[in-house]
Every structure is written in C-alpha cells, then in structure tokens.
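Q: Could you walk me through this model? I'll ask as I go.

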Amino acid sequence: MMRVAILISGGGSNMTALADSMTGDHPARPVLVLSNRPDAGGLARADARGIPTAAVDHRPYKGDRAAFEAALHDTLCAAQPDLICLAGFMRVLTEGFVARWQGRMINIHPSLLPKYRGLDTHARALEAGDTEAGCTVHEVTPALDDGPILGQARVPVRAGDTPDSLAARVLEAEHRLYPAVLRRLAEGDRKRLDLPQR
C-alpha cells in the first residue's frame, strides 16, 4: 500500500478529491495532510475524514526557508510517505528540499504546461486568446512548475469567459485528473495520462 502525504495551504479541494479517491481497492492511502497555515480549512476537512494532520507555520521562520523546510521535512519523515502530493501548497520549495524527495513528489498546476508557469494562469490564457486551457500533474523538480508531465486535462475556453469562470472549470478538471494520475502511480504506471477536453 502506497503511503501518501498531501501538502496544502488553503481549503483543500484537491486534497479532498485525492483523499476521497483512496478507498476500497485503491492501492494508496493518505497518511498525513500537512499545511503551512494552521488555519487552513483543508485541515478540518482532513480531520473529518480521519486523516492525521499537522501544520508547520512558515511565518515564525521570518524568511529562514532552510529552517522552515527542515521542520517540514521532519514532519513528513515522521509519517513515512512514499509519495508527496502538493495540492495548493503555496510555498516555493528550495532545490535542497526537492532533492530530498526527488521522484517522490508531484504537483498539480492550473495550466497546460509548459504554458503559464507561476501565477495568474487563467488571465494569461485569456489574454493570449487561447481556445483551450486546463491543468497538469507533473513531477516536482527544482525549477518552478517544471518536471516530467504525468497527466493533463483540457477544458474549452468559452466566449465571455473571465479568469474566475475559467478557473472554476479548470478546478473541476483538476479534481478528475489528480486522483486518476495518483492511482496510476500507486499501481506502478508512470505513463502520461491525457484526459479529453470536457
């Protein structure tokens, strides 16, 4: 059984989609939901599902990323995960931290990478006149929103879309894609998964 830790910073909708998928004959189970914000709504959602939770508040470290990441690493090690899923974790991780978990950490990003790394992905897609948008699950590497692509899901850009309306449809696609990629990984399948436009 693959042991999965999920890192969040907010409400945890992708965490919920992942956790709710890991039941029955699924070959993985959530062993920890960890946040950099003690007040993150996702912690309560995880607790309600009986998943162990923890918080390592980044604010007391006052920019000392090495010390923050050391505490993050120690908390993760105590849970002994086989895989870390970043699910709306809004801290950029250093090369040193990523190296410790290389090949065992994945992320979901709200664009069709390599397009639109970083923030404001939906506004940037609309400004570019794109006809489709979507999301990407990828392995985490030291470069931001980079790394081998494990899966993508596409959604159409509609006339009159705003960044918020496009974001809502992309989020629905994230909730389909991330659990599907996780299950394949837990089954030992690292081939790329492409979900059709919906």
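What follows is a chat about cores, helix packing and a few backbone details.

Q: Before the details, what kind of model is it, and how are residues numbered?
A: It is a predicted model, in which local features need pLDDT of at least 70 and side-chain atom pairs count only at pLDDT 80 or more, while totals for chains, interfaces and linings use all residues. Residues are numbered from 1 along each chain as its sequence is written, and side-chain values use heavy atoms, with hydrogens and water left out.

Q: OK, the largest nonpolar core. Which residues touch the most other members?
A: Ile-6 and Cys-85, out of 37 residues in that core. A nonpolar core here is a set of buried Ala, Val, Leu, Ile, Met, Phe, Trp, Tyr and Cys residues joined through side-chain atoms within 4.5 Å. Buried means under 20% relative accessible area, exposed means over 50%, and partly exposed is in between (1.4 Å probe, protein chains only).

Q: Which helix gives the most to this core?
A: Helix 6, residues 163–186, with nine residues. Helices are DSSP runs of H or I with at least four residues, strands are runs of E with at least two, and both are numbered from the N terminus.

Q: And what does Cys-85 touch?
A: Leaving out residues up to four places away in sequence, Cys-85 touches Val-4, Ala-5, Ile-6, Leu-7, Leu-18, Ile-106, Tyr-178 and Leu-182. Contact means heavy atoms within 4.5 Å.
A: Another core, of 20 residues, lies apart from the largest one, and includes Val-31, Val-56, Ala-79 and Val-98.

Q: Back to helix 6. Which of its residues are buried?
A: Leu-166, Arg-169, Val-170, Ala-173, Glu-174, Leu-177, Tyr-178, Pro-179, Val-181, Leu-182, Leu-185 and Ala-186.

Q: What span should helix 6 have?
A: Its 24 residues should span 34 Å at 1.5 Å a residue, and the end C-alpha atoms are 33 Å apart, which agrees. The expected span is 1.5 Å times one less than the number of residues. After helix 6 comes Gly-188, with a positive phi near 90 degrees.

Q: How do helix 1 and helix 6 pack?
A: At an angle of about 40 degrees, with their axes 9 Å apart. Axes are lines fitted to C-alpha atoms, for helices over the stretch in contact, and angles run from 0 to 180 degrees between N-to-C directions. Helix 1 and helix 6 are therefore oblique to each other. As for the cut-offs, under 35 degrees counts as roughly parallel, over 145 as roughly antiparallel, 65 to 115 as roughly perpendicular, and the rest as oblique.

Q: Which residues make that contact?
A: Ser-13, Asn-14, Ala-17, Leu-18 and Ser-21 of helix 1, and Leu-171, Glu-174, His-175, Tyr-178, Pro-179 and Leu-182 of helix 6.

Q: And helix 1 with helix 2, at what angle do the axes cross?
A: Roughly 15 degrees, with the axes of helix 1 and helix 2 (residues 41–48) coming within 9 Å. That makes helix 1 roughly parallel to helix 2. Ser-13, Met-15 and Thr-16 in helix 1 meet Gly-42, Arg-45 and Ala-46 in helix 2.

Q: Thr-16, buried or exposed?
A: Thr-16 is buried, at 8% relative accessible area. Beyond its neighbours within four places in sequence, Thr-16 is in contact with Arg-45 and Arg-49.

Q: Switching to helix 3. What do its buried residues pack against?
A: Strand 1 (2–8), strand 2 (28–35), strand 4 (83–86) and helix 4 (95–100). The buried residues are Phe-68, Glu-69, Ala-71, Leu-72, His-73, Leu-76 and Ala-79.

Q: What follows helix 3?
A: Gln-80, with a positive phi near 50 degrees. Gln-80 is exposed, at 55% relative accessible area, and is found in the loop between helix 3 and strand 4.

Q: What about the loop between strand 5 and helix 5, what is found there?
A: Pro-114 is found there, between strand 5 (105–109) and helix 5 (121–127). A cis peptide bond joins Leu-113 and Pro-114, with omega about 15 degrees. Tyr-116 is in that loop too, with a positive phi near 60 degrees, and at 17% relative accessibility Tyr-116 counts as buried. Most residues other than glycine have a negative phi, and most peptide bonds are trans.

Q: And what does Arg-117 touch?
A: His-109, Arg-124, Leu-144, Asp-145 and Asp-146, not counting residues up to four places away in sequence. Arg-117 counts as partly exposed, at 35% relative accessibility.
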